[in-house]
Amino acid sequence: MTHLIEHMLFEGTTTRSAHEISNAIESVGGEFNAATTQERTFYHINIPRKYFSRAVNIMADIFKNSLFDEKVLKKEKNVVLNEIKVVDDDPKFYQWIALLRTIYKKHKAKNPVYGDADTIKKMSRKDIITYYKKHYIPQNISISIVGNIKNPFKLIKDKFEGIPSRTIQRDNHPEEKPLSQPQKKVIKRDVEHSYVVVGYRAVPKGHQDSYVFEVMRSILGRGQSSRLFDEIRTKRGIAYMVGALYESGQTFGVFATYLSTTQDKLKEARKVLIESFQFKDLAKKEVEDAKNYIIGNFILKREDNKERADMNAE
């Protein structure tokens, strides 16, 4: 539902058509987009400073006055269904959906963000409006502004005022039992490359150990100087795509290593991934380099207004 609404908010309001919404931003060199994750949706506009008020007007308009037109809803359902097919057809993307479905049994993180095709087909306009009014409320919305803007608060208040308030209803997440044995999922497809992910549940964002996982990810997969790149690509030359991932939300986390290789190198490559979790012969300098990478990367991200606005909002 959330993913479908993300699409629908660009598709016309009581005052603007879909083309007028996008053209108002793009005609002055701006960017307008949105994304949905396991725990949040964010809509973002990146625009030259002198057009800031235009960006606020557009954002407020889509939040307050979206039409959710019946014909447009039918069209956007097809767009989302095609998006699902694109992800499902590409092993590079689908492997992460398969991983979460395998390691999480009860938590909603096991469900793909894009939604379920059969459910999307059944959604009515009434369903969407009811859901929208329940969740898209002032208590649930953060507005993050980064840029040389002096006192934007009056404009924000004037434009966003009037969205009805409600009591927030938080989802309960059932506690996951520890897995008693390794879980294995094999998907057979007619593709040239094999894709391997070795991963497990990790701590959520904000947990004291989340920083440890960030350092682990940096050691194993931070680019060409990482352990996995050095072992898999530089020394052995048995894979092109290789890396590590730590993804976390307020209530879940996942840590994984991954690569893609040919069928004949699969066994060797998987062995390297599994052994990498032991962090053998880990030197103090290696840990310091990993931490310095995290700090430096964070500083560089904050040079980007869009990245900074997203960090602040989250």
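To speak of the angle between two helices, one needs an axis for each, and here an axis is a line fitted to C-alpha atoms over the stretch in contact, with angles running from 0 to 180 degrees between N-to-C directions. The model shown is a predicted one, and in it helix H3, which covers residues 52-65, packs against helix H8, residues 153-160, at an angle of about 25°, while their axes lie 9 Å apart. Angles under 35 degrees count as roughly parallel, and therefore H3 and H8 are described as roughly parallel to each other. The crossing that the two helices make is right-handed.

On the side of H3, the residues that make this contact are Phe 52, Ser 53, Val 56, Asn 57, Met 59, Ala 60, Phe 63 and Lys 64, and they meet Leu 155, Ile 156, Lys 159 and Phe 160 of H8. Sorted by class, the contact of H3 with H8 holds eight nonpolar residues, two polar ones and two charged ones.

We can now turn to a loop. Between helix H9 (210-221) and helix H10 (227-235) the chain passes through a loop in which Ser 226 is found. Is Ser 226 buried or exposed? Buried means under 20% relative accessible area, and because its relative accessibility is 2%, Ser 226 counts as buried. Its side chain reaches the backbone oxygen of Gly 223 at 2.8 Å, and a polar atom of the side chain of Ser 226 also lies 3.2 Å from the backbone oxygen of Leu 220. Leaving aside residues up to four places away in sequence, Ser 226 touches Ser 218, Ile 219, Leu 220 and Gly 221.

Definitions and conventions. Residues numbered from 1 in each chain as written. Predicted model: local features only at pLDDT ≥ 70, side-chain atom pairs only at ≥ 80, totals over all residues. Heavy atoms only, no water. Helix = DSSP H or I, 4+ residues; strand = E, 2+ residues; numbered from the N terminus. Parallel < 35°, antiparallel > 145°, perpendicular 65-115°, else oblique. Left-handed = near helix turned anticlockwise from the far one by under 90°. Contact = heavy atoms within 4.5 Å. Nonpolar A, V, L, I, M, F, W, Y, C, P; charged D, E, K, R; others polar. Buried < 20%, exposed > 50% of the residue type's maximum accessible area, 1.4 Å probe, protein only. Polar contact = N/O pair within 3.5 Å; in protein donor to acceptor, adjacent residues only side chain to side chain.
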